[in-house]
Amino acid sequence: MRYAHEVGKVRAAERALMARLPDGALMQRAAAGLASVCARLLPAVYGARVVLLIGGGDNGGDALYAGARLARRGARVRAVQAGSKIHPGGLADLRAAGGRLLDAGAEAAIAGADLIIDGLTGIGGTGGLREPHARYAALASESAGLVVACDVPSGVDASTGRVEGAAVHADVTVTFGTHKPGLLVDPGAAHCGVVELVDIGLGPDLPDPDVVAARPADIAPPEPRPESDKYRRGVVGILAGGDQFTGAAVLSTGGALRGGAGMVRFASVARPVELVRQRWPEVVTTVVEPGRHDTGILERIGRVQAWVAGPGLGTGDAAESLLEAVLTTELPVLVDADGLTVLARRRDLLRRAAPTVLTPHAGELSRLVAARREDIEAARLDNVRRAAAELSATVLLKGSTTLVAEQDRPVRVNPTGTPRLAAAGTGDVLSGLIGALLAGGMPALDAAAAGAYLHGLAARLAAAPAPGPEAPISAQDVVEALPAAFRTVSSQG
């Protein structure tokens, strides 16, 4: 796992470590790591044109000391002071190494730089950048040179990923001690480029993380054992599709089958049932009479270990009746799409002891928690935590960065997402996939996080099965690529 800690926890760990170290030692560790990454990025350090964008905080000091190290290796290092203060020790070291502080010509130096180190603000920066910081951030982002952010790109809130106004767009972000949530969560993550972690010795002083991001070896879906049969592997029941949205039925059942379910039981009105039978003959199907309130429908469908309800189901009384039936069971239930619309008016159905997984996008979540969609997008981390607590559920917030939250647990950030998943039906595939993992016995948080990881990985494999540019994909392509995604994580586990 990659672990991320919010700013307050990082500051506390830094203070504890600095109390045991000689004065300035921690900054020198950070500067050495920053300079090492920058040296690797340059074709040659000697003669390279390096510009330092320097604010008044510790990150400005880190950048100055790193610049001094590069200057001693022959780089032509120039510093641009953005604020009224500058780290005196770092500036003295830079000058002693042959670098200098520019009195004029900052714009030309930035435009002509081979590498720019962003030390304008630190991890404590919040709100939009003020001038001249905003102007320098824009110049750096538009420059042809490589941009390396020190700890976090200036203008990105390190704890949340919020970006209010101008912010540096880095090619590489060198972060110290631990990842920060804003490096993993959009919109901040989109400003970071490649993130390099430099160990400065904070580990023993850091508490539990606030956010975690999985690596391939961390994904451990249920594996069939020699004694396994279709029931032990997990039976998932799916209530999805209707006369209007038949594709949701085919795609959600496909996600469950390719997601490792031992058996899939599917129920809907006649037309989607027929399409599922044609596409997936191994699925056990039940026809639900249109508009009929069938109190015995779950018994007719048969025994399952988990339910998926909502994709394409409709939002009328019949859909509400089906959703109420599954949510009154003691089994794990995943609710998506139309099911979330029903829950927005029937939040009382969420008062249950069994695990509940909700998979909204920002618009659906806005209806569930009575918030504006744009506010949710701007503060995804805060809002997914709030939703998990308010709804007493595991909440998977879809989007450019998919987040999975449970109350009082670190938020899971999915690192495999891709814009190729912005296609109709891919969410239905995800629902079936997570349903299969729930039926296989995975806890709700693990199932949702693993499902998001495998779903994103499958999309990437479908879009680029061989080296080369990615191709457009459909939801069905994601279904067909799921076995390859499972093989990939299995080989690295």
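Helices are DSSP runs of H or I with at least four residues, numbered from the N terminus. In this predicted model, helix H3 spans residues 58–72 and holds Asn59.

**Annotated binding site**

The UniProt record, an unreviewed entry, places the feature "binding site" at Asn59, Asp118 and Ser154. These positions are spread over 96 residues of sequence, yet they cluster in space, with a largest C-alpha distance of 10.0 Å. From this set, Asn59 belongs to the lining of the second largest pocket.

Apart from its neighbours within four places in sequence, Asn59 is in contact with Gly119, Thr121, Gly122, Ile123, Cys150, Asp151 and Val152. Ser154 lies in the loop between strand S6 (146–150) and strand S7 (172–176). With its neighbours within four places in sequence likewise left aside, Ser154 is in contact with Asp118, Leu120, Thr121, Leu129, Ala167 and Val168; Asp118 is itself one of the annotated positions.

**Burial of selected residues**

| Residue | Relative accessible area | Class |
|---|---|---|
| Asn59 | 7% | buried |
| Ser154 | 0% | buried |
| Cys38 | 0% | buried |
| Cys192 | 0% | buried |

**Cysteines**

A search of the whole structure finds zero disulfides. Cys38 is in no disulfide, and the nearest cysteine sulfur, that of Cys150, is 8.9 Å away. For Cys192, the closest cysteine sulfur is also in Cys150, at 13 Å. A disulfide requires two cysteine sulfur atoms within 2.5 Å, so the sulfur of Cys192 is too far from that of Cys150 for a bond. Cys150 is also among the contacts of Asn59.

Definitions and conventions:
Residues are numbered from 1 along each chain as its sequence is written. This is a predicted model: local features need pLDDT of at least 70, side-chain atom pairs count only at pLDDT 80 or more; totals for chains, interfaces and linings use all residues. Side-chain values use heavy atoms; hydrogens and water are left out. Buried means under 20% relative accessible area, exposed over 50%, partly exposed in between (1.4 Å probe, protein chains only). UniProt positions are given in the numbering used here, feature names are shortened, and annotations may be inferred rather than shown by experiment. On a 1 Å grid over the protein atoms alone, a cavity is a set of points where a 1.4 Å probe fits but cannot get out, and a pocket is an open set with protein on both sides within 12 Å along at least five of seven lines; lining residues have an atom within 4 Å of a point. Helices (H or I, at least four residues) and strands (E, at least two) are DSSP runs, numbered from the N terminus. Contact means heavy atoms within 4.5 Å.
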